[in-house]
Amino acid sequence: MKRVGITFPCGGILLEGAWHFPQATGSSPAVIVCHPHPLYGGDMSNNVVLAICQELAQQGVNAFRFNFRGACESGGAFGGGIAEQEDIKAALALVSSTPDIDPKRVGLAGYSFGASVALPVALQDERVKLLALVSPALSDSGWEQLKGYPKPKILISGNHDFVIPLPQFQQYIKDIPEPKQYQIISGADHFCWGYEEELGQKVTQFFVAGFRRV
């Protein structure tokens, strides 16, 4: 596995990102991983984001993480979750045009705030073939939007998550259309400390299996 730090354009600003390249050569799939809320310390070095990227690369999937505008070395300022959608689209443009990335096998993963920004992009952008939402900090309207997402998706939450209590999470899941998967991580709260490896494996298994079908 090889890590490569880069900057890439989004409109008039530059965003900071990092690739996790697997050992495999030739055309291979990729997943973009979106970090939690930047106003509460979230950035691309988050424990969950790193765990997902590392496991993806170990299993032969290119992983790309980046800092939303205003976070760490990325330009611009926090955009309330709206402008950040443009950041994801810029990351999609970069990833889809990178040599040896199969543009027909690109997935999107979001953790907490990252999930709430990833969802509307996935709904609109045909480049996103698979979607993973981890501890998704979605509004009621976000859960409603998810009912209209027809592509394969996985939702993962801890049974001690204080942002999305388990009964609420399970109720929302019932109304989400197939194809869908959901996983409950026993013992984990919203921050998933100590459960990163299990979480990374669950997300990666979803993408590896899903890319075989795309």
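Predicted model: local features only at pLDDT ≥ 70, side-chain atom pairs only at ≥ 80, totals over all residues.
Residues are numbered from 1 along each chain as its sequence is written, and side-chain values use heavy atoms, with hydrogens and water left out.

**View 1. Helix α1 and its boundaries.** Helix α1 comprises residues 47-58; helices (H or I, at least four residues) and strands (E, at least two) are DSSP runs, numbered from the N terminus. The end C-alpha atoms of α1 are 17 Å apart, in agreement with the 16 Å that its 12 residues should span at 1.5 Å a residue; the expected span is 1.5 Å times one less than the number of residues. Of these 12 residues, 10 are buried, where buried means under 20% relative accessible area, exposed over 50%, and partly exposed in between (1.4 Å probe, protein chains only). The buried set consists of N47, V48, V49, L50, A51, I52, C53, E55, L56 and A57. At the start of α1, a side-chain oxygen of N46 comes within 2.8 Å of the backbone nitrogen of V48. G60, which follows the helix, has a positive phi near 90°.

**View 2. Surroundings of N47.** N47 is located in α1 and counts as buried because its relative accessibility is 13%. A polar atom of the N47 side chain lies 3.2 Å from the backbone oxygen of F191. Beyond its neighbours within four places in sequence, N47 is in contact (heavy atoms within 4.5 Å) with F191, C192, W193 and E196.

**View 3. A nonpolar surface patch.** F162, V163, F191 and W193 make a nonpolar surface patch of about 460 Å². In such patches, residues have over 30% relative accessible area and no salt bridge; nonpolar side chains (Val, Leu, Ile, Met, Phe, Trp, Tyr) are joined within 5 Å, and like charges within 9 Å. Accessible areas come from the Shrake-Rupley method with a 1.4 Å probe, and for residues only the protein chains shown count as cover. F162 belongs to the loop between β7 (153-158) and α5 (166-174).

**View 4. Packing of helix α2.** Buried positions in α2 are E84, Q85, D87, I88, A90, A91, L92, V95 and S96. These buried residues pack against the strands β1 (2-10), β2 (13-21), β3 (28-34), β4 (62-66) and β5 (101-111), and against helix α3 (113-124).

**View 5. The salt bridge between E126 and K151.** The side chains of E126 and K151 form a salt bridge with an N to O distance of 3.5 Å. This pair links distant parts of the chain, 25 residues apart: E126 is in the loop between α3 and β6 (130-134), and K151 in the loop between α4 (140-146) and β7. A salt bridge is a side-chain nitrogen of Lys or Arg within 4 Å of a carboxyl oxygen of Asp or Glu. E126 is exposed, with a relative accessible area of 56%, whereas K151 is buried at 18% relative accessibility.

**View 6. Two further salt bridges.** The whole structure contains 7 salt bridges. In one of them, D125 pairs with R127, the closest N and O atoms being 2.7 Å apart. D125 is buried at 12% relative accessible area, while R127 is partly exposed at 29%. E144 forms a salt bridge with K147, with the closest N and O atoms 2.9 Å apart. E144 is partly exposed, with a relative accessible area of 47%, and K147 is partly exposed at 34% relative accessibility.

How values were computed: Polar contact = N/O pair within 3.5 Å; in protein donor to acceptor, adjacent residues only side chain to side chain.
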